[in-house]
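This report goes through selected residues and contacts of one protein chain. The sequence and the structure are shown first, and the text follows them.

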Amino acid sequence: MDMTARQIPPMLALRRLAAHVGFAFAVIVIVSPAILVFLWMLSLSLKPEVENIAYPPVFIPSEPTLANYVAVFEASSFGRYLVNSLVVTGSATLLALVVGVPAGYGIAKAKAYKLAVMVLIARITPNLSYLIPLFIMFQFLGLTGTLYPLVITHLVITVPIVVWVMIGFFETLHPDLEEAALIDGCSLWQAFWYIALPLARPGIVVAAILAFIFSWNNFIFGVVLAGRETRTLPVAVYNVLTFEQISWGPLAAAALVVTLPVLILTIAIQREIVSGLAAGGVKA
């Protein structure tokens with residue numbers, strides 16, 4: 001018995017070590033392709049075009065240069081497109097939170113599961129399905145070529161995301177908290193504003209980040225509804241391509257400029273995202 005008792009702790013330690021090593025290996029296998037692509041894009045953006053088309057490929061630049069980034073901003077109004085993307089995505093995300101958070105609360109508390117399914121269907125429906133009727137409507141109103149159609153159409157993306165995330169999160173809140181507030185004389189709106197909303201902060205952060213990312217990366221609405229001065233960054237990256245040849249350096253630089261804001265935002269509040277997803281996955 002004593003011998004067995006002495007052998008158990010090392011075996012448990014070995015199992016834990018094997019579990020940690022296996023988990024780390026799985027993470028490396030899953031994440032490494034994305035990291036490799038990002039590093040390759042960074043390498044292309046820092047190399048002159050001669051090295052980008054060289055064979056065999058050159059991964060490490062002999063003389064790193066920022067000429068590709070300068071060329072992107074000089075050849076097109078990339079700064080203006082960046083502002084357009086910030087305005088469109090920021091407005092669509094903010095409006096989605098204003099509409100989607102109360103809607104998610106109402107659906108969760110009323111247990112309106114049929115309405116929740118409709119929200120899910122709206123989320124998974126391809127954006128192209130909305131494009132033609134919306135384009136005809138905005139063309140009739142004379143709004144094509146402005147930022148207003150982009151903000152409104154991006155609500156098709158952001159509102160279902162926010163509503164769906166908040167439904168799951170509000171379902172985790174214990175109903176006794178709101179019932180106590182109602183007994184104390186609060187109205188249903190006051191119970192939502194003073195009780196449910198502060199507790200739902202992690203879920204709101206997650207919903208806002210997901211809505212921001214999907215809106216920021218949207219291409220189809222911008223390429224059809226935007227004008228020359230109202231293009232967003234994904235459309236601007238597409239315009240870097242030419243019929244004569246593909247300039248890999250400027251293209252990679254433009255792609256990194258589009259990716260950088262979302263990447264910085266995600267890294268800055270990654271703890272909020274993880275805590276919000278974990279809180280939304282645990283039922284009260």
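In this predicted model, K47 is buried, because its relative accessible area of 1% falls under the 20% cut-off. The residue is found in the loop between α1 (2-45) and α2 (49-52). Leaving aside neighbours within four places in sequence, K47 is in contact with N52, V58, F59, P61, T65 and N68.

Another lysine, K111, is exposed, with a relative accessible area of 54%. K111 lies in the loop between α4 and α5 (113-124). Its phi is positive, about 55°, although K111 is not a glycine.

The table lists relative accessible areas for the residues treated in this report.

| Residue | Relative accessible area | Class |
|---|---|---|
| K47 | 1% | buried |
| S91 | 27% | partly exposed |
| R80 | 39% | partly exposed |
| E229 | 43% | partly exposed |
| K111 | 54% | exposed |

The protein as a whole has 14 helices and 0 strands. Buried residues make up 32% of its 284 residues. Among contacts between residues at least 6 apart in sequence, 73% join residues at least 24 apart.

Helix α4 comes next, starting with one of its serines. S91 lies in helix α4, which covers residues 78-110. The side chain of S91 reaches the backbone oxygen of V87 at 2.7 Å. Not counting residues up to four places away in sequence, S91 touches L86 and V151. The C-alpha atoms of S91 and L150 are separated by 9.9 Å, and these two residues are 59 apart along the chain.

Two packed helices are described by the angle between their axes and the distance between the axes. For α4 and helix α9 (residues 188-199), the angle is about 105° and the axes are 12 Å apart. Angles of 65 to 115 degrees count as roughly perpendicular, so α4 and α9 are roughly perpendicular to each other. On the α4 side, the residues in this contact are V101, P102 and Y105. They meet L188, F192, A196 and L197 in α9. By class, the contact of α4 with α9 has 7 nonpolar, no polar and no charged residues.

Side chains of opposite charge can pair when their charged atoms come close. A search of the whole structure finds 1 salt bridge. E229 forms a salt bridge with R80, and the closest N and O atoms are 1.8 Å apart. The pair links distant parts of the chain: R80 is in helix α4, E229 is in the loop between α11 (220-225) and α12 (233-240), and the two are 149 residues apart. R80 is partly exposed, with a relative accessible area of 39%. E229 is also partly exposed, at 43%.

Methods. Residues numbered from 1 in each chain as written. Predicted model: local features only at pLDDT ≥ 70, side-chain atom pairs only at ≥ 80, totals over all residues. Heavy atoms only, no water. Helix = DSSP H or I, 4+ residues; strand = E, 2+ residues; numbered from the N terminus. Buried < 20%, exposed > 50% of the residue type's maximum accessible area, 1.4 Å probe, protein only. Contact = heavy atoms within 4.5 Å. Polar contact = N/O pair within 3.5 Å; in protein donor to acceptor, adjacent residues only side chain to side chain. Axes fitted to C-alpha atoms, helices over the stretch in contact; angles between N-to-C directions. Parallel < 35°, antiparallel > 145°, perpendicular 65-115°, else oblique. Nonpolar A, V, L, I, M, F, W, Y, C, P; charged D, E, K, R; others polar. Salt bridge = Lys/Arg side-chain N within 4 Å of Asp/Glu carboxyl O.
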